[in-house]
Amino acid sequence: MATPRRKYRLADTNHADVDLRLYSKVIIETIENIVPGKNPKVFKEYYSTDETTQSESVKLGRALAKIPELKQYGKTVTTFRLFDGKVYSSEAANQPTKKKNQPKGGRMR
(Lines give C-alpha, C1' and ligand atoms only; values in the text may rest on other atoms or scores of the structure.)
Protein backbone atom coordinates (compact mmCIF):
# COMPACT_ATOMS: atom_id res chain seq x y z
CA MET A 1 0.00 0.00 0.00
CA ALA A 2 1.21 3.49 -0.79
CA THR A 3 2.39 5.84 1.94
CA PRO A 4 0.09 8.83 2.58
CA ARG A 5 1.71 12.18 1.73
CA ARG A 6 0.70 15.78 2.35
CA LYS A 7 1.03 18.08 -0.67
CA TYR A 8 1.44 21.84 -0.28
CA ARG A 9 0.68 24.19 -3.17
CA LEU A 10 1.03 27.96 -3.26
CA ALA A 11 -2.11 29.48 -1.77
CA ASP A 12 -2.17 32.40 -4.22
CA THR A 13 -3.26 31.08 -7.63
CA ASN A 14 -1.82 34.20 -9.29
CA HIS A 15 1.59 32.54 -8.84
CA ALA A 16 0.68 29.19 -10.42
CA ASP A 17 3.51 29.63 -12.94
CA VAL A 18 6.22 29.65 -10.22
CA ASP A 19 8.56 26.64 -10.39
CA LEU A 20 9.14 25.59 -6.77
CA ARG A 21 12.10 23.44 -7.83
CA LEU A 22 14.09 26.70 -8.02
CA TYR A 23 13.67 26.93 -4.24
CA SER A 24 14.00 23.23 -3.44
CA LYS A 25 17.19 23.57 -1.40
CA VAL A 26 15.78 26.21 0.96
CA ILE A 27 12.39 24.43 1.22
CA ILE A 28 13.98 21.07 2.09
CA GLU A 29 16.41 22.62 4.59
CA THR A 30 13.57 24.45 6.33
CA ILE A 31 11.41 21.32 6.51
CA GLU A 32 14.30 19.28 7.95
CA ASN A 33 14.93 21.97 10.59
CA ILE A 34 11.28 22.34 11.64
CA VAL A 35 9.91 18.78 11.27
CA PRO A 36 12.83 16.39 10.73
CA GLY A 37 12.31 12.97 9.17
CA LYS A 38 9.29 13.85 7.00
CA ASN A 39 11.00 12.97 3.68
CA PRO A 40 10.32 16.22 1.79
CA LYS A 41 10.17 16.28 -2.01
CA VAL A 42 9.86 19.40 -4.16
CA PHE A 43 8.11 19.40 -7.53
CA LYS A 44 7.27 22.15 -10.03
CA GLU A 45 3.81 23.02 -8.63
CA TYR A 46 4.00 21.70 -5.04
CA TYR A 47 6.15 20.16 -2.35
CA SER A 48 5.18 17.13 -0.29
CA THR A 49 6.05 15.53 3.03
CA ASP A 50 5.01 12.52 5.03
CA GLU A 51 1.81 13.28 6.94
CA THR A 52 2.15 16.14 9.44
CA THR A 53 0.03 17.24 12.38
CA GLN A 54 -1.81 20.56 12.32
CA SER A 55 0.76 22.16 14.63
CA GLU A 56 3.67 20.88 12.50
CA SER A 57 2.02 22.30 9.37
CA VAL A 58 1.53 25.68 11.06
CA LYS A 59 5.15 25.80 12.30
CA LEU A 60 6.38 24.83 8.86
CA GLY A 61 4.22 27.40 7.08
CA ARG A 62 5.40 30.17 9.39
CA ALA A 63 9.05 29.24 8.88
CA LEU A 64 8.69 29.10 5.08
CA ALA A 65 6.81 32.43 5.05
CA LYS A 66 9.83 34.12 6.65
CA ILE A 67 12.10 33.18 3.74
CA PRO A 68 12.51 36.33 1.60
CA GLU A 69 12.61 34.46 -1.74
CA LEU A 70 9.29 32.71 -0.99
CA LYS A 71 7.48 35.46 0.90
CA GLN A 72 6.66 37.32 -2.33
CA TYR A 73 4.43 34.40 -3.42
CA GLY A 74 2.28 34.46 -0.30
CA LYS A 75 -1.38 35.32 0.00
CA THR A 76 -2.78 37.52 2.71
CA VAL A 77 -6.24 36.41 3.77
CA THR A 78 -6.82 37.34 7.38
CA THR A 79 -3.38 35.99 8.15
CA PHE A 80 -0.46 35.38 5.80
CA ARG A 81 -0.60 31.97 4.10
CA LEU A 82 2.07 30.63 1.77
CA PHE A 83 0.95 27.05 1.06
CA ASP A 84 -2.24 24.95 1.30
CA GLY A 85 -1.71 21.32 2.25
CA LYS A 86 -3.85 18.23 1.71
CA VAL A 87 -3.28 14.52 2.37
CA TYR A 88 -3.02 12.24 -0.68
CA SER A 89 -2.90 8.45 -0.65
CA SER A 90 0.49 8.49 -2.45
CA GLU A 91 2.86 10.74 -4.38
CA ALA A 92 1.22 9.74 -7.66
CA ALA A 93 -2.35 10.47 -6.49
CA ASN A 94 -4.11 13.51 -7.96
CA GLN A 95 -7.13 13.65 -5.64
CA PRO A 96 -6.80 14.22 -1.89
CA THR A 97 -8.03 11.44 0.40
CA LYS A 98 -11.25 11.89 2.36
CA LYS A 99 -11.47 11.21 6.06
CA LYS A 100 -13.89 8.45 7.00
CA ASN A 101 -16.78 9.11 9.38
CA GLN A 102 -16.30 12.85 9.28
CA PRO A 103 -19.45 14.99 9.26
CA LYS A 104 -19.95 17.12 6.15
CA GLY A 105 -20.79 20.22 8.14
CA GLY A 106 -23.87 21.84 9.50
CA ARG A 107 -25.19 21.83 13.00
CA MET A 108 -24.18 18.89 15.18
CA ARG A 109 -27.14 17.18 16.91
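Which residues in H1 meet which residues in H2? The close-ups below take this up in a predicted model.

**View 1. Residues at the contact of H1 with H2.** From H1 come Ile27, Thr30, Ile31 and Ile34. From H2 come Lys59, Leu60, Ala63 and Leu64. By class, the residues of this contact divide into six nonpolar, one polar and one charged.

**View 2. Crossing of helices H1 and H2.** Helix H1 covers residues 24-34, and helix H2 covers residues 54-65. Their axes come within 10 Å and cross at roughly 140°. That angle makes H1 oblique to H2, because only angles over 145 degrees count as roughly antiparallel. The crossing of H1 past H2 is right-handed.

**View 3. The buried side of H1.** Ile27, Thr30 and Ile31 are the buried residues of this helix. Seen down the axis of H1, they fall within an arc of 100°, so they line one face of the helix. Their packing partners are strand E2 (41-42), strand E3 (46-50), H2 and helix H3 (68-71).

**View 4. The face of H1 turned away from its buried side.** This face carries the exposed residues Lys25 and Asn33. Asn33 lies in helix H1. Its relative accessibility is 65%, so Asn33 counts as exposed; the cut-off for exposed is over 50%.

**View 5. Asn33 and Leu60.** In sequence, Asn33 and Leu60 are 27 residues apart. In space, their C-alpha to C-alpha distance is 9.2 Å. Leu60 is among the H2 residues that meet H1, while Asn33 sits on the H1 face turned away from the buried side.

Notes
Residues numbered from 1 in each chain as written. Predicted model: local features only at pLDDT ≥ 70, side-chain atom pairs only at ≥ 80, totals over all residues. Heavy atoms only, no water. Axes fitted to C-alpha atoms, helices over the stretch in contact; angles between N-to-C directions. Helix = DSSP H or I, 4+ residues; strand = E, 2+ residues; numbered from the N terminus. Parallel < 35°, antiparallel > 145°, perpendicular 65-115°, else oblique. Left-handed = near helix turned anticlockwise from the far one by under 90°. Contact = heavy atoms within 4.5 Å. Nonpolar A, V, L, I, M, F, W, Y, C, P; charged D, E, K, R; others polar. Buried < 20%, exposed > 50% of the residue type's maximum accessible area, 1.4 Å probe, protein only. Arc of directions from axis to C-beta.
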